[in-house]
Amino acid sequence: MEKAERHNKRMQKQKSIVDQQVEQADKDQGLLLVITGNGKGKSSSGFGMVARALGHNMKVGVVQFIKGAFSTGEEAFFRRFPDDVDYHVVGDGFTWDTQNLEQDIASAEKGWEICKAMLQNPELDVILLDELNIVLKMNYLSVDKVLADITNRPPMQHVIITGRGAPEPVIETADTVSRIEDVKHAFRAGIKAQKGIEL
């Protein structure tokens with residue numbers, strides 16, 4: 001009985017703290033979210049938010065950098081919603097596969113023109129820039145230019161940036177940053193990428 005009472009008191013105190021925080025959070029604005037780190041699940045998290053936005057009848061833009069050399073399950077799925085998802089794949093594959101700096105830079109610049117158009121479109125509620133962090137880390141695009149374009153977007157538009165190695169200015173500018181840790185990965189045990197999990 002004492003244990004239950006102690007639990008109830010802790011939960012009442014916790015509820016009071018949370019209620020106060022919710023009451024103080026009264027601003028409404030478009031967010032810049034960054035999902036980075038060496039762990040698996042960055043793109044998965046971004047696409048989860050895309051699904052959530054569609055559930056709220058929001059319009060979404062997706063630009064996938066880097067992954068252009070192979071088809072992904074998320075691309076196959078979200079292309080089923082052409083009226084609600086503006087989907088573009090602009091990469092040529094992993095940088096160690098292309099081995100062509102000029103080509104990678106040209107692809108990134110071409111892709112960013114698509115991003116810029118999305119960032120100027122007030123009809124898009126959420127934009128996912130998948131693997132953009134890698135492009136910025138590799139200096140294929142100017143971090144300052146990218147952040148300027150993102151900053152000048154419509155005030156209620158949400159932007160999600162994924163990819164390992166997020167540059168510090170991107171982290172500083174973001175409203176929400178999640179860093180996914182690599183604790184253990186099946187690939188290091190010799191298990192190839194699996195459909196529905198990595199692909």
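Start by selecting α2 (42–55), which gives three residues, the largest share, to the lining of the second largest pocket. Helices (H or I, at least four residues) and strands (E, at least two) are DSSP runs numbered from the N terminus. This is a predicted model, in which local features need pLDDT of at least 70, side-chain atom pairs count only at pLDDT 80 or more, and totals for chains, interfaces and linings use all residues. Residues are numbered from 1 along each chain as its sequence is written, and side-chain values use heavy atoms, with hydrogens and water left out.

Next, select the lining: Leu31, Leu33, Met49, Arg52, Ala53, His56, Met58, Val126, His158 and Ile160. Besides α2, β5 gives two or more residues to this lining. A pocket here is an open set of points on a 1 Å grid over the protein atoms alone, where a 1.4 Å probe fits, with protein on both sides within 12 Å along at least five of seven lines; lining residues have an atom within 4 Å of a point.

Now select β1 (residues 32–36) and β5 (residues 158–162), which pair in the parallel sense over four bridges. Strands count as paired if DSSP finds at least two bridges between them. Leucine 33 has isoleucine 160 of β5 as its bridge partner.
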